[in-house]
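Keep the sequence and the 3D view open while reading.

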Amino acid sequence: MATVEYRGIGKSFGAVQIMRDVSFSIGDHQFVVLLGPSGCGKTTLLRMTAGLESVSAGDLMIGGKRVNDMHPRERDIAMVFQNYALYPTMKVYENIAFSLEVAKLPPAEVKAKVERAAEILNLTPYLGRYPKELSGGQRQRVAMGRAMVREPSVFLFDEPLSNLDAKLRAHMRTEIRQLHNRLKTTTIYVTHDQIEAMTMADKVVVMRAGKIEQMGSPDEVYDTPSSKYVADFIGSSAINFMDGTVVAADGAAAVDTVNGRLLLPDSTTAKPGQKVVCGVRPTDVVVSADGPIRTTAILVERLGHDVQLCTLAAAGEFFAIVDRTLPFREGDEVRFDVPASKVHVFDAASERRL
Ligand code: ATP
């Protein structure tokens, strides 16, 4: 078990600097997800942690030791890759046993460890098969078994589920999280899928262009996104943004937007006259006969449990998730209100939360 600490980490490829001053710590037993769009540097940070990529600046600490110049094998980590990286000519048993045999463990011990991993991962019936005779999910479990038997201090996962279909991905998500609950090994997991991040992480690290934008629990990054970027990235249905100017309304702060006046939460630091962007999640809007946001429904999408309304407001498209029993049709006039506590306010220039 181990803590992982990034102290002022920087990375350059030749003359191009892609990461600057990344600092955060991961506690023992924590499951941390590095989340961000393609190219933001999450895989590079993971590969630096594994020792597969050099560190250009700063100190990388694992278990309190500086590992910048340590060989991958000495770091006591195990990495699970997106493409599984199984040996095609070896059966499942041999794939899982390989690193233990290289380490020259006694055969009885190898057998006991492989069988225990196979049992935990429901792979016992497949130990005699070749990787090509397995489904994607089973292959991914073999890759996890191979990492598990090494009993590392830290697990590193690089988008391990991106080759699986949606249903299997949801299933493997639960399996990986249950495995973590059982083994409690410190885990760093890279993904660009915010649902994976929200469902699996103790802490989410949202990255942007080689920097940390916000680190927090899934609830923190969802409820109090530190910037417009985080608000936009987190949440399974895209947030609505509206430009506006802060005004004082009956002693409370409000924002006049093209879509009407929105009251702001008491906690906001926004000042009258300030140019801002308000963010409103589709799940937080309320259908209300005298609501300030006047729209026309242009698409009614039945999602099963509820309905997504794509509407046209003065400021453009506006999305709302509403009760499935409401009888809306395309062309209907619909008005929405937003509780003040659900309005996210960002400075228009810096895009930071106010
Ligand atoms: P993805 O989700 O697409 O894998 P990512 O967030 O993991 O993206 P990285 O793969 O870490 O991003 O890449 C970060 C940046 O570093 C990108 O701009 C990429 O082009 C650049 N980069 C990565 N590896 C190299 C390399 N070997 N040489 C030069 N530039 C690289």
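How far is an oxygen atom of the ligand from an N or O atom in the side chain of Ser38? The distance is 2.6 Å. This value, like the others below, comes from a predicted model.

**The ligand and its surroundings**

- The residues around the ligand are Phe13, Ile18, Pro37, Ser38, Gly39, Cys40, Gly41, Lys42, Thr43, Thr44 and Glu159.
- By type, this shell divides into four nonpolar, five polar and two charged residues.
- Helix H1 (residues 42-50) supplies three residues, the largest share of the shell.
- Gly39 takes part through its backbone, with an N or O atom 2.7 Å from an oxygen atom of the ligand.
- Lys42 takes part through its side chain, where a polar atom lies 2.7 Å from an oxygen atom of the ligand.
- The ligand taken alone exposes 640 Å², and the protein buries 56% of that area.

**Helix H1**

- H1 is mostly covered, as seven of its nine residues are buried.
- The buried residues in H1 are Lys42, Thr44, Leu45, Leu46, Met48, Thr49 and Ala50.
- In general, an α-helix has 3.6 residues a turn, so residues three or four places apart point the same way.
- Gly51 follows H1 and has a positive phi, near 90 degrees.

- Is strand E7 (residues 154-158) mostly covered or mostly exposed? E7 is mostly covered, with five of its five residues buried.
- The burial applies to both faces of E7: Val154, Leu156 and Asp158 lie on one side, and Phe155 and Phe157 lie on the other.
- E7 pairs with strand E6 (residues 77-80) in the parallel sense, over four bridges.
- Within E7, Val154 is the residue that stands opposite Ile77.
- E7 also pairs with strand E8 (residues 186-191), again in the parallel sense, over five bridges.
- Asp158 has Val190 in E8 as its bridge partner.

**The antiparallel sheet**

- In which order do the five strands of the open sheet stand? The order is E15-E19-E16-E17-E18, and the pairing is antiparallel.
- Strand E15 (286-287) and E18 are the edge strands; each has a single partner strand, so one side of each has no neighbour in the sheet.
- Strand E16 (residues 293-302) pairs with E17 in the antiparallel sense over six bridges.
- Three residues lie between the strands in the hairpin of E16 and E17, where Gly304 has a positive phi near 100 degrees.
- E17 pairs with strand E18 (residues 316-323) over eight bridges, in the antiparallel sense.
- Asp306 has Asp323 in E18 as its bridge partner.
- The hairpin that joins E17 to E18 runs through two residues.
- Strand E17 (residues 306-313) is mostly covered, with six of its eight residues buried.

- Lys104 has a positive phi, near 60 degrees, although Lys104 is a residue other than glycine.
- Lys104 is in the loop between helix H2 (92-102) and helix H3 (107-120).
- Is Lys104 buried or exposed? Lys104 is exposed, and its relative accessible area is 72%.
- Glu151 is another residue other than glycine with a positive phi, in this case near 45 degrees.
- Glu151 is in the loop between helix H4 (136-148) and E7.
- Glu151 has a relative accessible area of 54%, so Glu151 counts as exposed, the cut-off being over 50%.

Notes. Residues are numbered from 1 along each chain as its sequence is written. This is a predicted model: local features need pLDDT of at least 70, side-chain atom pairs count only at pLDDT 80 or more; totals for chains, interfaces and linings use all residues. Side-chain values use heavy atoms; hydrogens and water are left out. Buried means under 20% relative accessible area, exposed over 50%, partly exposed in between (1.4 Å probe, protein chains only). Two strands pair if DSSP finds at least two bridges between them. A residue is near a molecule or strand if one of its heavy atoms lies within 4 Å of it. A polar contact is a pair of N or O atoms within 3.5 Å; within protein, one must be able to donate a hydrogen and the other to accept it, and residues adjacent in sequence count only if both atoms are side-chain atoms. Accessible areas come from the Shrake-Rupley method with a 1.4 Å probe; for residues, only the protein chains shown count as cover. Ala, Val, Leu, Ile, Met, Phe, Trp, Tyr, Cys and Pro count as nonpolar, Asp, Glu, Lys and Arg as charged, and the others, Gly among them, as polar.
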